[in-house]
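Okay, thanks for making time, everyone.

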Amino acid sequence: MKLQLSLVSCAIISCFNFSSYALADDIKDASPTSRSVDEVFVITASRVEKPLSQIPNTITVIDTEELEQQLSIQHDISTVLGNLVPSFSPSRQKMSGSGETMRGRSPLYLIDGVPQSNPLRDGGRDGHTIDPFLLERIEVLHGANAIHGLGAAGGIINLITRRPTKEFEQKIKIDTQFQPEDIGESASFGVSYSLANRWKNSDLLMAFTLRDTGMAYDADGEVVGVDNTQGDTMDTSTFDGFIKAGYEWEDSRVELMVNQYQIKGNNSWVSVAGDVDADIPSTAVKGDIIGDPAKNKATTVSINYSKQDFLGQSLSIKVFHQDFAATYGAQVTPIATFQDAEYGENLIDQSQNNSEKTGMKVTFVNDELMQLPISLVYGFDILQDQTWQALVQTGRTWVPETQYINYAPYAQVEYSGITALNITAGVRHEVAKLDVDDFTTLASYGSQFVEGGSPEFSETLINLGGTYKLNDNWRVFANYAEAFSMPDVGRVLRGINIPNQSVEFFLDLKPILTENTELGLEYRGNDVQAQLTYYTSESDFGQRLEPDEDGIYSVKREMTEVDGFEFSADWAFSLTDSLGLRYANSDGRYDSDENGSVDSDLGGSDISPDRINISWDSDWNDILTTRLQVNHLLDRKQRNSDNDIVNEFDGYTTVDFSANIAIFSGQVTLAIQNLTNTDYYSYYSQSNPNDLRNFKGIGRSFSAAYQISF
């Protein structure tokens, strides 16, 4: 069962390398009725234990069992997050995750602490850089923070990869998904295999996955529209190769992780535009696609070293590299932005985002500073990110090569010398430099020459948090944290259409400082666990995306404010049954007239709808377990500064069911997505009306899987 937990804020998690958080085995496997009120985390990289009663932030841990349960319904990380973290936007059910936010802002995706998001040119492909079969759990830290530096304005989604747990173990999983409208066209197939071993001081895990995904049909039996340009998960082929190897000696350990992932469209279905005003959804027909298929390709490498006793404290070092390329498909009709008379008329082109990140995180931990009830965590992070966007059919440059270099020393102290009270405070100093050469924008922007430059930025971020234990069951917590991020530099630079601009002095490149405040009340009893949180998130010079008629977004730098409530509760009403309730409410506004106060509602690309998730889990016997879950999205009206309605979202309710059956020496999983066959347009499509992307959601679909370990 998912645990709604809290985590020490900001830099302290950075220092512990958030990728290394794990629940102690005896806690992780415990039922809700057997967990102690004062549970303990085991932070494996630093060997530091923290009682839950001392943690003043909200984090959601999706463990292996629940992750596999959700993936049996839909093999998509953003759908899993939407089902279990209501403050995360509803999934677009596409390769692109643009508009999928958390607490009204973009989250930072990580794999074992290695950044996967690309905030310098955010193409919305962060959620497709690893196959979920390779994950042990997902840790979601709610709210803006500076834990990993750049890009965590909405929170952190850390994808923790599997590790060897036995001396020798092989695992095979075969799965399929289909819809009765056309079993052949809708059929999806996946096969996954892993080999793990532990011997003496060494351990090794190797794995691969292959997946072929078919088409999807809506509740009316019509083909769901394909997003040929932004990328789709339908009609795709996926491969992932993974290796993790470790070696230990005395009080030290070194570990290597390598992941190579690719998802690629098959280019056999052509998008057919719908009509928003006439209530006609977008669909697709078989045909040939112009240009290269949309695809994601990501390679992630990290080397971790840890030592228990280094000059009287523990030390951990992480060195990492990520190579990322996202190709976007060519649109059937010419896009005005790509037109250039030098290349002929009715020009068809397509873009590719590229990012290469290299970095290092160094952490020192002193558990008892001068033998006082004070712990000190300190260190520094280094990041270099090179990003650019090319037009692959004509060889033009849409976004010039941009190099971002960041240095960030930090320190965090925690005081626990007063009974029932725990206080944390920290500081992190960000020093950043952006380096861009001279470049010329596309002809559609007026072929503007832009003088390059190397603007430098620095910001000192603080965090302060505390938790107070009222009694054995109740506690309160509060936290203030700041996040540092760059705007979507690529969109800003490529969209310059005014002469005589210079990168050195361009105001829209100024970093985004987001302030997050959180107040929480938590109850943890034998049968009931509940948490209520109120948060605010503010940026004096934030970022909002605004699309043109071709669906190409530009960046608007404006004051933005978001606030809301999150509520979660789990009730184990018998030894075998439990009910879960999740609720998220959010309200976001921006300053449309730049007068220093917010006056207009944020749209669906920036904020999620209010949502209620209800679940019932039951262990019928030693063989059969089931889960029934209901997701209800509430209506939302978007109003401008004159209080006029500019957009309306019609909410909808979906029901999913899954069953795990222990049989044939393994486990069979059966699932039904959208059990009631609800007919609906997706949240993104309703919030961003566009005839080409007037997509309906997936209708009733069936899946089956068999998994065995030996």
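Let me start with a question: where does L311 lie? L311 sits in the loop between strand 17 (residues 295–310) and strand 18 (residues 313–327). When I say helix or strand, I mean DSSP runs, H or I over at least four residues for helices and E over at least two for strands, numbered from the N terminus.

Quick word on what you're looking at. This is a predicted model, where local features need pLDDT of at least 70 and side-chain atom pairs count only at pLDDT 80 or more, while totals for chains, interfaces and linings use all residues. Residues are numbered from 1 along each chain as its sequence is written, and side-chain values use heavy atoms, with hydrogens and water left out.

L311 has a positive phi of about 55°, although it is not a glycine. L311 counts as exposed because its relative accessibility is 75%. For those labels, buried is under 20% relative accessible area, exposed is over 50%, and partly exposed is in between, with a 1.4 Å probe and protein chains only.

E250 is in the loop between strand 13 (236–249) and strand 14 (252–265), and has a positive phi of about 45° without being a glycine. At a relative accessible area of 81%, E250 is exposed.

Now let's go inside, to helix 3. Helix 3 runs over residues 64–71, and its buried residues are E66, L67, Q69, Q70 and L71. So what covers them? The cover includes strand 5 (59–62), helix 4 (77–84), strand 8 (135–142), strand 35 (611–619), strand 36 (624–633) and strand 39 (653–663). At the start of helix 3, a side-chain oxygen of D63 comes to within 3.3 Å of the backbone nitrogen of E65.

Zoom in on Q70, in that helix. Q70 counts as buried because its relative accessibility is 1%. Setting aside neighbours within four places in sequence, Q70 is in contact (heavy atoms within 4.5 Å) with V80, N83, L84, R627 and Q629. With N83, there's a side chain to side chain polar contact at 3.0 Å. A polar contact here is a pair of N or O atoms within 3.5 Å; within protein, one must be able to donate a hydrogen and the other to accept it, and residues adjacent in sequence count only if both atoms are side-chain atoms.

On to the greasy part. In soluble globular proteins, nonpolar side chains tend to be buried together. A nonpolar core, the way I'm using it, is a set of buried Ala, Val, Leu, Ile, Met, Phe, Trp, Tyr and Cys residues joined through side-chain atoms within 4.5 Å. Which residues touch the most other members of the largest core? Of its 25 residues, those are L81, I138, I157 and L159. The elements giving two or more residues to this core are helix 3, helix 4, strand 6 (108–111), strand 8, strand 9 (155–161) and strand 12 (202–213). Helix 4 gives the most, with four residues. As for L81, leaving out neighbours within four places in sequence, its contacts are I62, F88, Y109, I138, V140 and I157. There's also a second, separate core of 24 residues, with L120, L434, M486 and L493 among them.

Q179 is in the loop between strand 10 (168–178) and helix 5 (183–186). Is Q179 buried or exposed? Q179 is buried, because its relative accessibility is 3%. Apart from neighbours within four places in sequence, Q179 is in contact with S186, M215, A216, Y217, I698, G699, R700 and S701.

Then R544, in strand 30 (residues 544–547). R544 is at 8% relative accessibility, so it counts as buried. The R544 side chain makes a polar contact with the side chain of E558, at 2.8 Å.

Last stop, P499. P499 is in the loop between helix 6 (489–494) and strand 27 (501–502), and at 45% relative accessibility P499 counts as partly exposed.
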